[in-house]
Amino acid sequence: MSHRSALTESPSTEVQDHHLGGSTLLSDYWALTKPEVNFLILITTFVGFHMASANDGRPFSFARLFNTLLATLFVASGTGTLNQYLEREFDAQMRRTARRPAAAGRVKPLSVLVFGVALAAVGSIYLAIAANLLASVLGIVTLLTYLFVYTPLKRKTPMCVLVGAIPGAVPPLIGWAAASGRLNIEAGSLYAMLFLWQFPHFMAIAWMYREDYDRAGYLVLPQGNARVPFVMLETLLPLLALVAISIMQSPARHVAIFHCAIALLGIGFTYFGWAFVFERSRIAARRLLTASILYLPLLYGSATLCNRAR
(Lines give C-alpha, C1' and ligand atoms only; values in the text may rest on other atoms or scores of the structure.)
Protein backbone atom coordinates (compact mmCIF):
# COMPACT_ATOMS: atom_id res chain seq x y z
CA MET A 1 0.00 0.00 0.00
CA SER A 2 2.85 2.28 0.54
CA HIS A 3 6.29 2.81 -0.68
CA ARG A 4 8.67 0.46 1.10
CA SER A 5 11.01 3.36 1.79
CA ALA A 6 8.32 5.52 3.14
CA LEU A 7 6.17 3.30 5.27
CA THR A 8 7.54 -0.19 5.35
CA GLU A 9 11.29 -0.07 5.90
CA SER A 10 11.67 1.71 9.22
CA PRO A 11 13.28 -0.37 11.97
CA SER A 12 10.41 0.74 14.15
CA THR A 13 8.09 -1.14 11.83
CA GLU A 14 9.85 -4.45 12.18
CA VAL A 15 7.78 -6.80 14.31
CA GLN A 16 10.20 -9.03 16.14
CA ASP A 17 9.64 -12.13 18.20
CA HIS A 18 9.60 -11.36 21.90
CA HIS A 19 7.55 -14.35 23.01
CA LEU A 20 9.27 -16.53 25.58
CA GLY A 21 8.31 -19.69 23.76
CA GLY A 22 8.69 -18.34 20.24
CA SER A 23 6.10 -16.69 18.04
CA THR A 24 2.53 -17.90 17.79
CA LEU A 25 0.69 -18.44 14.53
CA LEU A 26 -1.63 -15.53 15.30
CA SER A 27 1.26 -13.15 15.94
CA ASP A 28 2.92 -14.28 12.72
CA TYR A 29 -0.15 -13.44 10.67
CA TRP A 30 -0.39 -10.14 12.51
CA ALA A 31 3.26 -9.41 11.65
CA LEU A 32 2.61 -10.18 7.98
CA THR A 33 0.26 -7.19 7.81
CA LYS A 34 2.97 -4.78 9.08
CA PRO A 35 0.73 -3.06 11.67
CA GLU A 36 3.10 -0.23 12.56
CA VAL A 37 3.39 0.67 8.88
CA ASN A 38 -0.38 0.64 8.60
CA PHE A 39 -0.63 3.12 11.46
CA LEU A 40 1.19 5.76 9.40
CA ILE A 41 -0.91 4.89 6.36
CA LEU A 42 -4.10 5.41 8.35
CA ILE A 43 -2.86 8.76 9.67
CA THR A 44 -2.24 10.08 6.17
CA THR A 45 -5.53 8.67 4.90
CA PHE A 46 -7.36 10.36 7.78
CA VAL A 47 -5.75 13.71 7.00
CA GLY A 48 -6.85 13.50 3.38
CA PHE A 49 -10.40 12.60 4.40
CA HIS A 50 -10.61 15.32 7.03
CA MET A 51 -9.26 18.10 4.81
CA ALA A 52 -11.50 17.12 1.90
CA SER A 53 -14.56 17.22 4.16
CA ALA A 54 -13.61 20.67 5.45
CA ASN A 55 -12.85 22.04 1.97
CA ASP A 56 -16.16 20.86 0.56
CA GLY A 57 -18.09 22.29 3.49
CA ARG A 58 -20.04 19.08 3.89
CA PRO A 59 -20.96 17.47 7.24
CA PHE A 60 -18.19 15.28 8.58
CA SER A 61 -19.25 11.62 8.38
CA PHE A 62 -17.65 9.52 11.09
CA ALA A 63 -19.27 6.41 9.64
CA ARG A 64 -17.72 7.01 6.21
CA LEU A 65 -14.38 7.82 7.83
CA PHE A 66 -14.44 4.58 9.83
CA ASN A 67 -15.31 2.52 6.76
CA THR A 68 -12.64 4.26 4.69
CA LEU A 69 -9.94 3.63 7.26
CA LEU A 70 -10.94 0.01 7.79
CA ALA A 71 -11.07 -0.71 4.07
CA THR A 72 -7.73 1.03 3.53
CA LEU A 73 -6.28 -1.01 6.38
CA PHE A 74 -7.33 -4.23 4.63
CA VAL A 75 -5.74 -3.16 1.33
CA ALA A 76 -2.55 -2.00 3.06
CA SER A 77 -2.35 -5.22 5.07
CA GLY A 78 -2.80 -7.27 1.93
CA THR A 79 -0.07 -5.31 0.18
CA GLY A 80 2.35 -5.79 3.06
CA THR A 81 1.58 -9.51 3.19
CA LEU A 82 2.01 -10.02 -0.55
CA ASN A 83 5.26 -8.06 -0.46
CA GLN A 84 6.62 -10.49 2.12
CA TYR A 85 5.47 -13.38 -0.06
CA LEU A 86 7.29 -12.04 -3.11
CA GLU A 87 10.49 -11.16 -1.24
CA ARG A 88 10.67 -14.03 1.25
CA GLU A 89 13.84 -15.52 -0.23
CA PHE A 90 15.64 -12.16 -0.27
CA ASP A 91 14.36 -11.15 3.18
CA ALA A 92 15.91 -14.35 4.51
CA GLN A 93 19.35 -13.05 3.45
CA MET A 94 19.04 -9.82 5.45
CA ARG A 95 19.65 -9.79 9.19
CA ARG A 96 16.99 -7.15 9.67
CA THR A 97 14.23 -9.10 7.92
CA ALA A 98 15.31 -12.72 8.32
CA ARG A 99 12.89 -13.28 11.21
CA ARG A 100 9.82 -12.23 9.28
CA PRO A 101 7.23 -15.03 9.21
CA ALA A 102 7.50 -15.76 5.48
CA ALA A 103 11.29 -15.39 5.33
CA ALA A 104 11.79 -17.64 8.34
CA GLY A 105 9.37 -20.24 6.99
CA ARG A 106 7.02 -20.09 9.98
CA VAL A 107 4.08 -19.50 7.63
CA LYS A 108 3.88 -21.51 4.41
CA PRO A 109 4.21 -19.49 1.18
CA LEU A 110 0.79 -20.59 -0.09
CA SER A 111 -0.82 -19.49 3.17
CA VAL A 112 0.89 -16.10 2.94
CA LEU A 113 -0.28 -15.69 -0.67
CA VAL A 114 -3.91 -16.62 0.09
CA PHE A 115 -3.98 -14.40 3.17
CA GLY A 116 -2.59 -11.42 1.25
CA VAL A 117 -4.92 -11.81 -1.73
CA ALA A 118 -7.94 -12.18 0.56
CA LEU A 119 -7.09 -9.04 2.53
CA ALA A 120 -6.47 -6.97 -0.60
CA ALA A 121 -9.63 -8.20 -2.35
CA VAL A 122 -11.87 -7.62 0.66
CA GLY A 123 -10.38 -4.16 1.21
CA SER A 124 -10.77 -3.10 -2.43
CA ILE A 125 -14.41 -4.22 -2.61
CA TYR A 126 -15.17 -2.74 0.80
CA LEU A 127 -13.64 0.59 -0.22
CA ALA A 128 -15.74 0.71 -3.40
CA ILE A 129 -18.96 -0.01 -1.50
CA ALA A 130 -18.36 2.02 1.66
CA ALA A 131 -16.70 5.01 -0.02
CA ASN A 132 -16.65 5.18 -3.82
CA LEU A 133 -15.08 3.67 -6.91
CA LEU A 134 -12.37 6.34 -7.19
CA ALA A 135 -10.99 5.54 -3.74
CA SER A 136 -11.04 1.83 -4.54
CA VAL A 137 -9.27 2.31 -7.88
CA LEU A 138 -6.57 4.37 -6.18
CA GLY A 139 -6.01 1.57 -3.67
CA ILE A 140 -5.84 -1.12 -6.36
CA VAL A 141 -3.47 0.87 -8.58
CA THR A 142 -1.24 1.53 -5.59
CA LEU A 143 -1.12 -2.17 -4.73
CA LEU A 144 -0.35 -3.26 -8.29
CA THR A 145 2.30 -0.58 -8.84
CA TYR A 146 4.01 -1.33 -5.56
CA LEU A 147 4.07 -5.10 -5.99
CA PHE A 148 4.69 -5.48 -9.71
CA VAL A 149 6.65 -2.37 -10.67
CA TYR A 150 8.54 -1.09 -7.64
CA THR A 151 9.31 -4.43 -5.98
CA PRO A 152 11.11 -6.04 -8.96
CA LEU A 153 12.89 -2.76 -9.76
CA LYS A 154 14.67 -2.87 -6.40
CA ARG A 155 16.93 -5.57 -7.81
CA LYS A 156 17.60 -3.70 -11.05
CA THR A 157 18.17 0.03 -10.46
CA PRO A 158 18.44 2.66 -7.71
CA MET A 159 15.71 4.54 -9.60
CA CYS A 160 13.34 2.19 -7.79
CA VAL A 161 13.31 4.75 -4.97
CA LEU A 162 11.70 7.32 -7.27
CA VAL A 163 9.26 4.79 -8.71
CA GLY A 164 8.28 3.51 -5.28
CA ALA A 165 7.56 6.99 -3.98
CA ILE A 166 4.73 7.34 -6.51
CA PRO A 167 2.40 4.71 -5.00
CA GLY A 168 3.80 5.43 -1.56
CA ALA A 169 2.20 8.89 -1.51
CA VAL A 170 -1.32 7.74 -2.46
CA PRO A 171 -2.95 7.18 0.99
CA PRO A 172 -4.02 10.84 1.49
CA LEU A 173 -5.54 10.75 -1.99
CA ILE A 174 -7.60 7.71 -1.00
CA GLY A 175 -8.91 9.59 2.02
CA TRP A 176 -9.63 12.68 -0.06
CA ALA A 177 -11.42 10.71 -2.76
CA ALA A 178 -13.46 8.80 -0.17
CA ALA A 179 -14.70 12.04 1.39
CA SER A 180 -15.38 14.08 -1.75
CA GLY A 181 -15.46 11.70 -4.69
CA ARG A 182 -12.85 13.74 -6.56
CA LEU A 183 -9.29 15.07 -6.39
CA ASN A 184 -8.05 18.67 -6.63
CA ILE A 185 -5.01 20.89 -6.08
CA GLU A 186 -5.22 20.65 -2.30
CA ALA A 187 -5.17 16.87 -2.52
CA GLY A 188 -2.17 17.18 -4.83
CA SER A 189 -0.33 19.21 -2.18
CA LEU A 190 -0.79 16.44 0.38
CA TYR A 191 0.44 13.94 -2.20
CA ALA A 192 3.49 16.04 -3.03
CA MET A 193 4.50 16.41 0.61
CA LEU A 194 4.29 12.67 1.26
CA PHE A 195 6.05 11.90 -2.03
CA LEU A 196 9.02 14.10 -1.13
CA TRP A 197 9.13 12.99 2.51
CA GLN A 198 9.89 9.44 1.48
CA PHE A 199 13.32 10.24 0.04
CA PRO A 200 15.18 11.46 3.16
CA HIS A 201 13.29 8.86 5.18
CA PHE A 202 14.45 5.99 2.99
CA MET A 203 17.97 7.30 2.45
CA ALA A 204 18.49 7.10 6.21
CA ILE A 205 17.27 3.50 6.23
CA ALA A 206 19.23 2.53 3.12
CA TRP A 207 22.44 3.90 4.61
CA MET A 208 21.93 2.19 7.95
CA TYR A 209 21.33 -1.18 6.30
CA ARG A 210 23.39 -0.84 3.13
CA GLU A 211 25.35 -4.03 3.84
CA ASP A 212 22.09 -5.93 4.28
CA TYR A 213 20.72 -4.62 1.00
CA ASP A 214 23.97 -5.44 -0.80
CA ARG A 215 23.96 -8.96 0.61
CA ALA A 216 20.45 -9.61 -0.64
CA GLY A 217 21.16 -8.12 -4.07
CA TYR A 218 18.97 -5.03 -3.72
CA LEU A 219 20.15 -2.05 -5.79
CA VAL A 220 18.44 0.63 -3.74
CA LEU A 221 21.78 2.47 -3.65
CA PRO A 222 24.35 2.71 -6.48
CA GLN A 223 27.59 0.80 -6.21
CA GLY A 224 31.04 2.40 -6.10
CA ASN A 225 31.78 6.12 -6.21
CA ALA A 226 28.24 7.07 -7.20
CA ARG A 227 26.80 5.98 -3.86
CA VAL A 228 27.65 9.02 -1.74
CA PRO A 229 26.55 11.68 -4.28
CA PHE A 230 23.34 9.73 -4.86
CA VAL A 231 22.53 9.66 -1.15
CA MET A 232 23.31 13.36 -0.79
CA LEU A 233 21.07 14.39 -3.69
CA GLU A 234 18.25 12.00 -2.80
CA THR A 235 18.27 13.35 0.74
CA LEU A 236 18.71 17.10 0.36
CA LEU A 237 16.88 18.02 -2.84
CA PRO A 238 13.55 16.39 -1.91
CA LEU A 239 13.90 17.60 1.68
CA LEU A 240 14.35 21.23 0.62
CA ALA A 241 11.50 20.93 -1.87
CA LEU A 242 9.30 19.44 0.85
CA VAL A 243 10.00 22.34 3.21
CA ALA A 244 9.33 24.85 0.44
CA ILE A 245 6.00 23.28 -0.53
CA SER A 246 4.88 22.97 3.08
CA ILE A 247 5.25 26.71 3.72
CA MET A 248 4.15 27.95 0.28
CA GLN A 249 0.61 28.80 1.31
CA SER A 250 0.04 32.50 1.91
CA PRO A 251 -0.41 32.94 5.69
CA ALA A 252 -3.60 34.67 6.72
CA ARG A 253 -3.43 36.58 9.98
CA HIS A 254 -5.45 34.09 12.02
CA VAL A 255 -3.51 31.03 10.83
CA ALA A 256 0.01 32.51 10.93
CA ILE A 257 0.85 30.44 14.01
CA PHE A 258 0.35 27.24 12.03
CA HIS A 259 2.62 28.44 9.24
CA CYS A 260 5.28 29.27 11.82
CA ALA A 261 4.93 25.78 13.25
CA ILE A 262 5.28 24.22 9.78
CA ALA A 263 8.36 26.37 9.09
CA LEU A 264 9.97 25.35 12.38
CA LEU A 265 9.28 21.70 11.67
CA GLY A 266 10.95 22.11 8.29
CA ILE A 267 14.01 23.76 9.80
CA GLY A 268 14.40 20.94 12.29
CA PHE A 269 13.99 18.23 9.64
CA THR A 270 16.46 20.01 7.37
CA TYR A 271 19.02 20.19 10.17
CA PHE A 272 19.00 16.42 10.64
CA GLY A 273 19.13 15.93 6.87
CA TRP A 274 22.24 18.11 6.53
CA ALA A 275 23.87 16.41 9.52
CA PHE A 276 23.31 13.01 7.93
CA VAL A 277 24.64 14.07 4.54
CA PHE A 278 27.88 15.45 6.01
CA GLU A 279 28.49 12.77 8.64
CA ARG A 280 27.06 9.73 6.84
CA SER A 281 27.27 7.75 10.05
CA ARG A 282 24.82 5.21 11.38
CA ILE A 283 24.02 7.50 14.31
CA ALA A 284 23.26 10.45 12.03
CA ALA A 285 21.14 8.21 9.82
CA ARG A 286 19.14 6.97 12.79
CA ARG A 287 18.59 10.53 13.98
CA LEU A 288 17.30 11.51 10.54
CA LEU A 289 15.05 8.45 10.51
CA THR A 290 13.61 9.37 13.91
CA ALA A 291 13.14 12.97 12.82
CA SER A 292 11.29 11.85 9.68
CA ILE A 293 8.94 9.61 11.67
CA LEU A 294 8.11 12.52 14.00
CA TYR A 295 7.97 15.11 11.23
CA LEU A 296 5.30 13.53 9.04
CA PRO A 297 2.41 13.33 11.54
CA LEU A 298 3.32 16.75 12.96
CA LEU A 299 3.37 18.28 9.48
CA TYR A 300 0.06 16.74 8.50
CA GLY A 301 -1.43 17.65 11.86
CA SER A 302 -0.38 21.28 11.44
CA ALA A 303 -1.77 21.35 7.91
CA THR A 304 -5.08 19.97 9.16
CA LEU A 305 -5.35 22.55 11.93
CA CYS A 306 -4.35 25.31 9.53
CA ASN A 307 -7.06 24.20 7.12
CA ARG A 308 -9.70 24.26 9.86
CA ALA A 309 -8.66 27.75 10.98
CA ARG A 310 -9.15 29.34 7.55
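Tutor: Two residues are in contact when they have heavy atoms within 4.5 Å of each other. This is a predicted model, in which local features need pLDDT of at least 70, side-chain atom pairs count only at pLDDT 80 or more, and totals for chains, interfaces and linings use all residues. Residues are numbered from 1 along each chain as its sequence is written, and side-chain values use heavy atoms, with hydrogens and water left out.

Student: Which residues of α9 does α8 meet?

Tutor: Helices are DSSP runs (H or I, at least four residues) numbered from the N terminus, and here α8 covers residues 133–153. From α8, the residues Thr142, Thr145, Tyr146, Val149, Tyr150 and Leu153 take part. Their partners in α9 are Cys160, Val163, Gly164 and Pro167.

Student: How many residues of the contact of α8 with α9 are nonpolar?

Tutor: Ala, Val, Leu, Ile, Met, Phe, Trp, Tyr, Cys and Pro count as nonpolar, Asp, Glu, Lys and Arg as charged, and the others, Gly among them, as polar. In the contact of α8 with α9 no residue is charged and three are polar, while the nonpolar ones number seven.

Student: Are α8 and α9 roughly parallel or roughly antiparallel to each other?

Tutor: Axes are lines fitted to C-alpha atoms, for helices over the stretch in contact, and angles run from 0 to 180 degrees between N-to-C directions (under 35 is roughly parallel, over 145 roughly antiparallel, 65 to 115 roughly perpendicular, the rest oblique). The axes of α8 and α9 come within 9 Å and cross at roughly 170°. The two helices are therefore roughly antiparallel.

Student: What does the crossing angle make α9 relative to α11?

Tutor: The axes of α9 (residues 160–168) and α11 come within 9 Å of each other, and they cross at roughly 135°. That angle makes the relation of α9 to α11 oblique.

Student: Which residues of α11 does α9 meet, and how many residues of that contact are polar?

Tutor: On the α9 side stand Val161, Leu162, Gly164, Ala165, Ile166 and Gly168. They meet Tyr191, Leu194, Phe195, Gln198, Phe199, Phe202 and Met203 in α11. By class, this contact of α9 with α11 has 10 nonpolar residues and no charged ones, and its polar residues number three.

Student: How many charged residues are in the contact of α10 with α11?

Tutor: The axes of α10 (residues 171–180) and α11 (residues 185–208) come within 8 Å and cross at roughly 160°, and the helices are therefore roughly antiparallel. Pro171, Pro172, Leu173 and Trp176 in α10 meet Glu186, Ala187, Leu190, Tyr191 and Leu194 in α11. Eight residues of this contact are nonpolar and none is polar, while the number of charged residues is one.
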